[in-house]
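Here is a colleague's note for someone meeting this structure without any background. The points below are meant to be read with the structure open alongside.

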Amino acid sequence: MADAVKRRIVLDLDRCIGCRACGAACHVGHHGQTNLVPGRIAGVAILPIHCRHCEHPACAAACPRGALYQDESGVVRRSDLLCIGCRSCSLACPFGVIPDEFVRHVSPKCDLCVERVLAGDVPRCVATCTARALSFVELKTAAGEPEYVGGRIQSRAILRRA
Amino acid sequence: MGCSLLLRPGGDAAFFGADGAPALDYDAAGAVNGGSLCAKGNMVLELLIHPQRLEAPAVRRADECRPVAWDAALDLLRERLLALVRDHGPESIGIVVGPHLTVEEARLAARLARTLCTGNLDACLAEDRALLSGPEAAGALPAAVRSPREIAEMTALLLVGDLFTVAPCMAKCVLDARYERRQNLLSVLDATRTRTAWFGRPWLRCRPGREAAALALLLLLALERSPEAGSRWRAVLLDSLGRASTQDLADLAALEVAAVEPVASALLGEKRSGVIVSPAFAGRERDVLVSGLAALLAEATGSHLLLMPSGPNARGVHEALAAEGFPAPGGLTTAEMFEAAATGELKGLLVLGSDPFAALASALPRVAALNLRLLAVTAPLPGETTLAADVVLPAAAWAEKDGSVQNAFGEDVELVPALPPPGAARSEAWILDALLARLGTGPGPAAAGISWPAPRVPADLWFEELRAWLRRLRRAPVVPEAGSHLLLPRLLAPHAADGWLTRRFSWPRHEFPHLQLWVSPAHARDLGVAEGARVTVRSRDGSARMLLHVEPRVTEGVVQASSSHPEVRGLLRWRIDPVLRDLDLSPVRVNVEVAGGSDG
C-alpha cells in the first residue's frame, strides 16, 4: 500500500508518439470510460495528460456530493454511485485532467488502476505504452529530479516545428 | 505482427456482457511488442465477445440469410462448387484468403484449390502485398532485421512511411536507438508530417507520391560512394534510371541533394544501420517500387531491412501461398478475380478471413457480386462482404484457434487458444478440413497431386516499371487534373481503428465517431466554415460526406482522410499494377464543398 501511494505516472514528452494506446487501455480497464485526457500541445501533438492525485485535491473540495475523495493511500478516487456528472470537478481541477462528460453523467477520473498497483503491477496505461514514454515512478524521484521530465524537451521535434 | 498478449480468466462480465469473459493483460515477455499493446491490441478482447459475433452458418434464400446447421451449409457449398466445376470448369472458381488466417489455414486453402483444380487462389492483403513483394520483384537480397533489440542498437536508421502508426510498439526500440546512443541518425522519409516524421532528423519531406524517386536518389548517392555495391543489379538499375542525375531525381522528389547526402553516407558508413518500410506512406503510389528500391538500398549500403506489414499474419499468408505455388501460372490474382467476376468469367468465389469489399472499396467487388453465382465467406463478424454472400460461415477469432503465424521479424509464433469460439463458430482450418473431406479427391483424379512452381515476378518487369514510371514523371512532372486539393490518405491515430474489423470496437467509435477530413486552417477560412462542419468531398471516382477537422499540420493544397475507411478508399484511384497484377492506389485531386449543417 505504501509503495502504491508514493508512485505517480510520469510522461516523457520526448518519447510519446501520440498513438493513444494508453487511452484505449484505460477504456478497456474502466468499463468503457476513458479517464485519460488527450491534451494537445502547440496544436500539433496529442499527448496523454494524467491526474496528479494532488495532496490537497481541488476537485474533491469542489464536489457537491462528496463523490470525490482521497482514500487512505492518498489516491484521489471517485464514487460511481455518488457522482452526478455536474462537472464541478472539471472546473476546479488546476491541471484540466477531468474532461467534461455529457453522456453517462459520471465524470471520468483516473484511479491509478489501484487494484493492479496494489497487486504489484503498474497502471494499464503504463503497461501498454508503446514508446515507453509513460513510467510509474517514485514521487520523490520525479520531484527531486525535474530534469527527468524536462531534460530533453529542447530537442522535441514537434515543439520546434510547431 | 505477432504481438503477444495474455488473456486471464475472471474478466469483467458486467462491461462485456458475457459470463466468464477473460481479462486482458500485458505479456512483458512478448518477443515483438515487449508487453505493450497498441489501441487495436487493447481492443482484441472486445472482438472475442462482441455482441455481433457470427455464431451459426447461414445460407441466403430469397434475399435473406437464414441460419442452418454446419452439415447443411457444407453440403450445399460442396454441391454448388461441384456444379460450377461441372458447368463452367474449375477455373470459374476463385479463392481469396486474408491476413487473418494462420499459416496452416493458408496451406489448407491451397489444398482446396488443388482439389478443385483451380489456380485462382490469392491473398487479399491490400497494401501489404506490394510491400512484401517489392524486394523479390527487384531481385534484392538484403540482410533482414531479426529482433527489436537489433533496431535498438542501430546507429543509423531510415524509416520509410509512418511506422509509428502501423506498428506503434516498434516505437520503443526506434526511440531507444535515437536517444540512448548519442550521435545517432534517425531519418524519416515521408511526404506528410506524421507522428513518425516528428522524430526524423532529418525528415526527408518529399513530394507526395514521389517516395520512389527519393529512394532512387538515395540509392544513386550510395552507388556513387561505393563503386562495388550492388554489382548484381547495378548496370540494369542505372539503365532503368535512364541516365537520371542525382539532381534530376532530387527535383522529382522535391528534395535537396545536400539534405539527402548525409543519410546515404550514414547508411553506408555506420556498422549497424537499418531501413524500415511500412505501408503507410502518404503518396500511395507505386508501393512495389518503393519497397523494391528500399530493399536495393539496404543491400547496397549493407543495412538491415525490415518490412512492417499492417495485416496480422500478412507475411505468413503471403509466404505460405508462394511456397504452395499460388496464384498458379495462368491463375488470377485477387484484383483479376474481381475483374473476371465482373465480366462473368468467374462464377464462384470463396473468401476466407478477409473482407475484400471493404479492403478494396472500389466499385469492382460490388459489380462482381451481381454476377457471381456463388459467394461464400468465412468471418468472425458481419462485414461488407458477408452482406452480399450466399453462404456465411462463422469463423473463430485469433484467441480461439490454434496454429501458427509469422511475426513481423519472420519468426513462427504459435497461437494458444484462450477460450472456445462462440456458438457454432469454427476455425477456418476446421471448415476447410470438413469441406475437403466432403469433396474427397475432387472433381479430377489427378487434381489432388498437382503442384505448381512458386510464382516469381520476373525482375526485369520491375525494372521496366521503374523505367516507365520515371520516364513518365520526367516528361510530365505535374499531372494536370481537375480538383482543387490533393487527397492524401492517412492512417488514423489508434492504429487503423477504422479498419473493417476494428470499426466495430467501442473505443474507436467513442473517440472517432465521424469520418473526418483534415484541412489546413487557411483552407477552412477559404471555405468559410469551422471545425465540425459537414463537407462533401468529390473525386473523379466518387464522393463522400465527412466532418471537417482543422489541423495545423496539414499543408496548403492538401486534404487528408483516413486511408482504411471504405468511403475514403472509394475516392482514390485504383489501377492494376503491371508487376504484381494487383490493385494499386494513387492519390487523387478532390473538390471540397460545404454540405451545410454542423455537429457542433
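Predicted model: local features only at pLDDT ≥ 70, side-chain atom pairs only at ≥ 80, totals over all residues.

1. Chain B as a whole. Chain B has 600 residues, of which 62% count as buried, and its secondary structure consists of 24 helices and 25 strands. When contacts between residues at least 6 apart in sequence are considered, 76% of those in chain B join residues at least 24 apart. The accessible surface of chain B is about 21600 Å², and carbon and sulfur atoms account for 51% of that surface.

2. Chain A as a whole. Chain A has 162 residues, 54% of them buried, and contains nine helices and six strands. Of its contacts between residues at least 6 apart in sequence, 61% join residues at least 24 apart, while its accessible surface comes to about 7500 Å², with 56% belonging to carbon and sulfur atoms.

3. A buried strand position. L350(B) is part of strand β13 (residues 348-352) of chain B, and it counts as buried because its relative accessibility is 4%. Which residues is L350(B) in contact with, leaving aside its neighbours within four places in sequence? They are L77(B), G94(B), I95(B), V96(B), L112(B), A376(B) and L435(B).

4. Backbone points to check. Most residues other than glycine have a negative phi, and most peptide bonds are trans. Against that background, R20(A) has a positive phi of about 65° and lies in the loop between β1 (7-11) and α2 (21-29) of chain A, where it counts as buried at 13% relative accessibility. C113(A) likewise has a positive phi, of about 45°, in the loop between α4 (88-92) and α5 (114-118) of chain A, and with a relative accessible area of 5% it is buried. In chain B, the peptide bond joining R201(B) and P202(B) is cis, with omega about 5°, and P202(B) is found in the loop between β9 (185-189) and β10 (203-204).

5. Salt bridges. Over all chains, the search of the whole structure finds 21 salt bridges. One of them pairs R373(B) with D87(B), with 3.9 Å between the closest N and O atoms. R373(B) lies in the loop between α18 (363-371) and β14 (374-379) of chain B and D87(B) in helix α4 (residues 70-88), so this pair ties together parts that are 286 residues apart in sequence. Another joins E299(B) to R232(B), the closest N and O atoms being 2.7 Å apart. Because E299(B) lies in helix α14 (residues 287-301) and R232(B) in the loop between α10 (211-225) and α11 (234-240) of chain B, the pair ties together parts 67 residues apart in sequence. Salt bridges that share partners also join R15(A), R132(A) and D176(B) into one network.

6. A salt bridge within chain A. R124(A) and E115(A) form a salt bridge, with their closest N and O atoms 3.1 Å apart. R124(A) is buried at a relative accessible area of 16%, whereas E115(A), at 42%, is partly exposed.

Note on methods
Residues numbered from 1 in each chain as written. Chains lettered and ligands numbered in written order. Heavy atoms only, no water. Helix = DSSP H or I, 4+ residues; strand = E, 2+ residues; numbered from the N terminus. Buried < 20%, exposed > 50% of the residue type's maximum accessible area, 1.4 Å probe, protein only. Contact = heavy atoms within 4.5 Å. Areas by Shrake-Rupley, 256 points an atom, 1.4 Å probe, with all protein chains shown as cover. Salt bridge = Lys/Arg side-chain N within 4 Å of Asp/Glu carboxyl O.
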